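Take a look at the chain below.

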Amino acid sequence: MQKSTNVDTSMETLSSSHQGTGAVQMRIKNANSHHDRLSQSKSMILTDAGKVTEPISRHRRNHSQHVLKDVIPPLEQLMVEKEGYLQKAKIADGGKKLRKNWSTSWVVLSSRKIEFYKESKQQALSNMKTAQKSESVDLCGAHIEWTKDKSSRKNVFQITTLSGNEFLLQSDIDFIILDWFHAIKNAIDRLPKDPSCPSRNLELFKIQRSCSTELLSHHDSDMKEQKPEHRKSLMFRLHHSASDTSDRNRVKSRLKKFITRRPSLKTLQEKGLIKDQIFGSHLHTVCERENSTVPRFVKQCIEAVEKRGLDVDGIYRVSGNLATIQKLRFIVNQEEKLNLDDSQWEDIHVVTGALKMFFRELPEPLFPYSFFERFVEAIKKQDHNTRIEAIKSLVQKLPAPNRDTMKVLFKHLTKIVAKASKNLMSTQSLGIVFGPTLLRAENDSGNMAVHMVYQNQIAELMLSEYSKIFGSGED
């Protein structure tokens, strides 16, 4: 009884000193006759209504995420369908042909897109590269097919997007590349052909953001005004946000359908409304279109150089103005009538620069990839005559456009060498300029320096022994 009286007296004293604040503190001392225990303090908050309230998190962002985490799973779990290493080459960007360059990429497939990374996320973290860049490919409306004519490698398939980008993917392991092909094809087939299609995951992400905002604003109002009658169920808000998102997407879809009804670049090219460009096209494609075995542009450049550039110091070695070269390139690609005697092309280095650019931008060089190793083996032969015969035999086996264009070009270069006393361009100098441009391996990784030596030697031998390799007859 004495202990109870002490507690009541203490509570009355403290309550009178803190009236109106709703806060009461008690210190309870419990002395046991056998064991002396440490004193314990307890505090509690009493509302005006006399109810104990739960601790409220002041982190609003965390609060909204905790509320939604049981309703909507994380976005990453919804999106990633497959990932792994593949060989990748980008051969077109927006319809513009690119030089094929194979590289190993970490490929991540989601429900709507493919992303290419230089390395996997785990490897990037171990190397302290937390923000590695990626290249993203939208699969909506894309086309996938196996291809054999785009590369000499096996197990190659091509992805073509609506924007005109083209990618080659490859693996030497049959079941791996087959599994990737079907996974990407299934992802494309699930998407509408309309490029405005919103993925299911994107809608969920928008719902999540919308619901988070609504919950936060509603939570703040509840804190200011404790009115339970104004609270709505979470599922009602989810449904309301989803319907709003669906309406907006429907309007966007109709607008984009109207805009994107125009045919793709590939369709226009197939119908002949837009013809393939000269720069960046395959040599045999240009020759077939012109009904010739030597491109017209190559002949025009050679004629201009022989007319007014044989005596120019550093011909083919000195670079022309890049902006003017690009202007010439644009005119050639648009198939406008080209007159290299025009005053805007008076700098002969612009003409030679454009000719070198044409050969440099060929998807497959003038010396085809499949012949590269055979030409290298031929130049390695010790006996000079045996070397010439091996090169001559390989040249005769080349496709007609490659062989005839090569013959015209090297005949022209022999005329440059004949004027070496004035233009200072020897056989060695021209070999250094044209070797890497005309002859290169499909994969230059690791052996670039060694290959460059052989490239120069092959070009030099074909120049110095032109008559023995090609014959002395007129073209």
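Q: How many helices and strands does the chain have?
A: The model is a predicted one. Its chain has 475 residues, of which 38% count as buried. The secondary structure comes to 19 helices and 10 strands.

Q: What share of the contacts with a separation of 6 or more joins residues 24 or more positions apart?
A: Take the contacts in the chain with a separation of 6 or more. Residues 24 or more positions apart account for a share of 64%.

Q: Which residues does Met462 touch, not counting residues up to four places away in sequence?
A: Met462 is among the residues with the most contacts inside the largest nonpolar core. Two others named there, Phe367 and Phe410, are also among its partners.

Q: Why is H10 roughly antiparallel to H12?
A: Helix H10 covers residues 296-308, and its axis comes within 10 Å of the H12 axis. Angles over 145 degrees count as roughly antiparallel. H10 is roughly antiparallel to H12 because the axes cross at roughly 150°.

Q: How many nonpolar, polar and charged residues make the contact of H10 with H12?
A: H10 passes H12 in a left-handed crossing. From H10 come Phe297, Val298, Cys301, Ile302, Ala304, Val305 and Arg308. They meet Ile348, Val351, Thr352, Ala354, Leu355, Phe358 and Phe359 in H12. By class, the contact has 12 nonpolar, 1 polar and 1 charged residues.

Q: How are H11 and H12 oriented to each other?
A: Helix H11 covers residues 322-333, and its axis comes within 9 Å of the H12 axis. The crossing is right-handed. The axes cross at roughly 60°, so the two helices are oblique.

Q: How do the residues of the contact of H11 with H12 divide by class?
A: H11 brings Leu322, Thr324, Ile325, Gln326, Leu328 and Arg329. H12 brings Val350, Gly353, Ala354 and Met357. The classes are 6 nonpolar, 3 polar and 1 charged.

Q: Is Glu465 buried or exposed?
A: Glu465 sits in the loop between helix H18 (448-464) and helix H19 (466-470). Not counting residues up to four places away in sequence, Glu465 touches His384 and Ile388. Its relative accessible area is 14%, and under 20% means buried, so Glu465 is buried.

Q: What is the relative accessible area of Val294?
A: Val294 lies in the loop between helix H9 (283-290) and H10. Leaving out residues up to four places away in sequence, Val294 touches Cys287, Lys299, Asp404, Thr405 and Val408. Val294 is buried, with a relative accessible area of 6%.

Q: What distance separates the C-alpha atoms of Val294 and Leu283?
A: Along the chain, Val294 and Leu283 are 11 residues apart. Their C-alpha atoms are separated by 8.6 Å.

Technical notes:
Residues are numbered from 1 along each chain as its sequence is written. This is a predicted model: local features need pLDDT of at least 70, side-chain atom pairs count only at pLDDT 80 or more; totals for chains, interfaces and linings use all residues. Side-chain values use heavy atoms; hydrogens and water are left out. A nonpolar core is a set of buried Ala, Val, Leu, Ile, Met, Phe, Trp, Tyr and Cys residues joined through side-chain atoms within 4.5 Å. Buried means under 20% relative accessible area, exposed over 50%, partly exposed in between (1.4 Å probe, protein chains only). Contact means heavy atoms within 4.5 Å. Axes are lines fitted to C-alpha atoms, for helices over the stretch in contact, and angles run from 0 to 180 degrees between N-to-C directions. Helices (H or I, at least four residues) and strands (E, at least two) are DSSP runs, numbered from the N terminus. Angles under 35 degrees count as roughly parallel, over 145 as roughly antiparallel, 65 to 115 as roughly perpendicular and the rest as oblique. A crossing is left-handed if the near helix is turned anticlockwise from the far one by less than a right angle, and right-handed if clockwise. Ala, Val, Leu, Ile, Met, Phe, Trp, Tyr, Cys and Pro count as nonpolar, Asp, Glu, Lys and Arg as charged, and the others, Gly among them, as polar.
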